Amino acid sequence: VIAAKTDNSPEPDAGRTLVGSKILAEEMGSWLRNDSLHLILLPTEHCNFRCTYCYEDFAIGRMSRSTIDGVKRLIDRRMDGLASLAISWFGGEPLLAMPVIEEISQHIVAQAGTHPELDYSGSMTTNGYFLDAPMLERLVGLGIRSFQVSLDGPSAMHDRTRVRADGSGSFLRIWGNLISIHEGSAPISMLVRVHLTPENLPLMPEFLTEIRKTFLHDSRFSVLLKPVERLGGPNDDTMMVVAADDRDRIMDELKNVLLQDAPDSRPLFPAPDICYASRPNSFVIRANGNIGKCTVGLTDPMNNIGHLSADGLLKIDNSLLRPWLRGWATLDSESLGCPYGGMLEARPKLVQLQPALLPQ
Amino acid sequence: LRVAGGLSVKNEAIINEEVLVNSTFDVEGIDVDDEGRVNMANVDPETYSIIAAPKPPTPPANTNCNHCNIVAGCGTVNMVKGCGSRIRGYLQ
């Protein structure tokens with residue numbers, strides 16, 4: 001794979017395999033090496049929202065003391081020889097557990113100060129409700145500079161699906177926070193993730209135009225268009241999703257709305273070719289210390305590959321880890337891009353054997 | 001995870017009425033130790049040496065880097081233009 005990159009040989013069928021692509025070579029370099037570590041931390045699994053399509057069950061609350069200590073000790077253990085440390089805050093709503101974020105992040109910043117070779121980057125997926133300017137400044141001070149906030153359309157539509165736990169809407173507060181971030185000068189990157197559903201599609205051209213005019217001349221802002229999917233949560237049976245056979249056309253039309261007059265495609269955030277779940281040195285640390293690979297299938301036993309102990313040791317069952325890594329063996333884009341999807345398809349099929357074939 | 005021929009997805013013996021179909025899981029040789037380090041036993045040495053090589057050091061020509069280490073993609077390879085005091089201000 002590395003050779004295919006360096007000798008500039010033609011790329012083989014890039015639609016089916018990533019062999020030979022520059023991205024894969026670079027990804028291999030950064031995600032299979034032991035001087036890189038990516039931790040997705042869930043400081044709480046509670047949330048102040050109840051989005052109608054959410055797949056989480058909020059059963060686990062704030063990160064336990066044992067897990068907080070475990071994360072800090074793990075980082076201590078790995079600090080020497082680490083060139084890249086990426087911390088992604090997820091939840092629940094991570095900003096409901098700001099003390100956890102501050103404790104761990106301050107520990108990392110202090111360690112980074114004594115390890116000048118370390119490239120530390122912090123990011124956060126948040127619903128944006130608490131992300132006002134003072135909060136943003138606190139987070140930037142902790143090295144958390146990349147953010148992802150989701151919108152489901154204009155106010156009337158967004159407030160029907162991204163509902164607060166008390167049933168009230170959330171759009172105006174989030175939009176106001178984005179405006180204040182845009183008006184400030186904090187050195188951050190803001191990814192606005194826009195969810196697409198059959199219901200909100202008719203409103204999207206106008207809404208995306210508003211986003212473009214309001215934010216996209218600010219180089220810190222970009223947009224990811226994301227059709228809502230059925231991801232195994234309790235709302236799967238009732239939610240509507242954009243039809244698969246119409247998706248490409250719809251996405252192209254909406255991208256054109258966003259890119260109008262743009263000199264390049266910077267405002268559009270490209271979907272990653274390789275999911276973090278495929279990366280051996282990327283781990284989800286849940287609030288109770290359980291270790292996973294994927295932030296979607298949180299209740300799936302296959303996504304529970306071990307436990308982080310308070311002394312910073314990752315007790316991982318490698319037989320449960322390997323299915324997530326299979327893309328590195330096959331190098332097909334589907335397995336690397338979403339290993340969980342393939343695992344769902346490969347679930348054991350139950351076959352009722354003839355009674356005569358059963359052991360007596 | 002070898003699942004063909006008698007093991008379930010939990011690495012347990014298949015029960016009487018469970019049969020696995022079309023399993024492709026076979027990534028023997030890759031595992032992770034207790035500190036999250038990746039071990040790859042079945043990767044050829046030349047490829048592994050490239051993968052395992054550390055990043056290049058900070059280019060000496062760069063004068064903006066203050067090793068603040070808080071900028072994504074900055075620090076050891078890619079320097080953010082103007083990085084330094086503006087960023088450091090947020091640490092203080």
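Predicted model: local features only at pLDDT ≥ 70, side-chain atom pairs only at ≥ 80, totals over all residues.
Local features need pLDDT of at least 70, and side-chain atom pairs count only at pLDDT 80 or more. Residues are numbered from 1 along each chain as its sequence is written, and side-chain values use heavy atoms, without hydrogens and water.

Two packed helices are described by the angle between their axes and the distance between the axes. In chain A, helix α4 spans residues 98-113 and helix α5 spans residues 133-141. Helices here are DSSP runs (H or I, at least four residues), numbered from the N terminus. The axes of α4(A) and α5(A) come within 9 Å and cross at roughly 30 degrees. Each axis is a line fitted to C-alpha atoms over the stretch in contact, and angles run from 0 to 180 degrees between N-to-C directions. On the α4(A) side, M98(A), I101(A), E102(A) and V109(A) take part. They meet M135(A), R138(A), L139(A) and G141(A) of α5(A).

T161(A) lies in helix α6 of chain A, residues 155-161. T161(A) has a relative accessible area of 12% and is therefore buried (under 20%; exposed is over 50%, partly exposed in between; 1.4 Å probe, protein chains only). Beyond its neighbours within four places in sequence, T161(A) contacts R50(A), C51(A), T52(A), Y53(A) and D152(A) (contact: heavy atoms within 4.5 Å).

The count of disulfides over all chains is zero (a disulfide is a pair of cysteine sulfur atoms within 2.5 Å). The sulfur of C275(A) has its closest cysteine sulfur in C338(A), 6.2 Å away, which is too far for a bond. C275(A) is buried at 17% relative accessibility, whereas C338(A) is partly exposed at 40%.

Methods: Chains lettered and ligands numbered in written order. Helix = DSSP H or I, 4+ residues; strand = E, 2+ residues; numbered from the N terminus.
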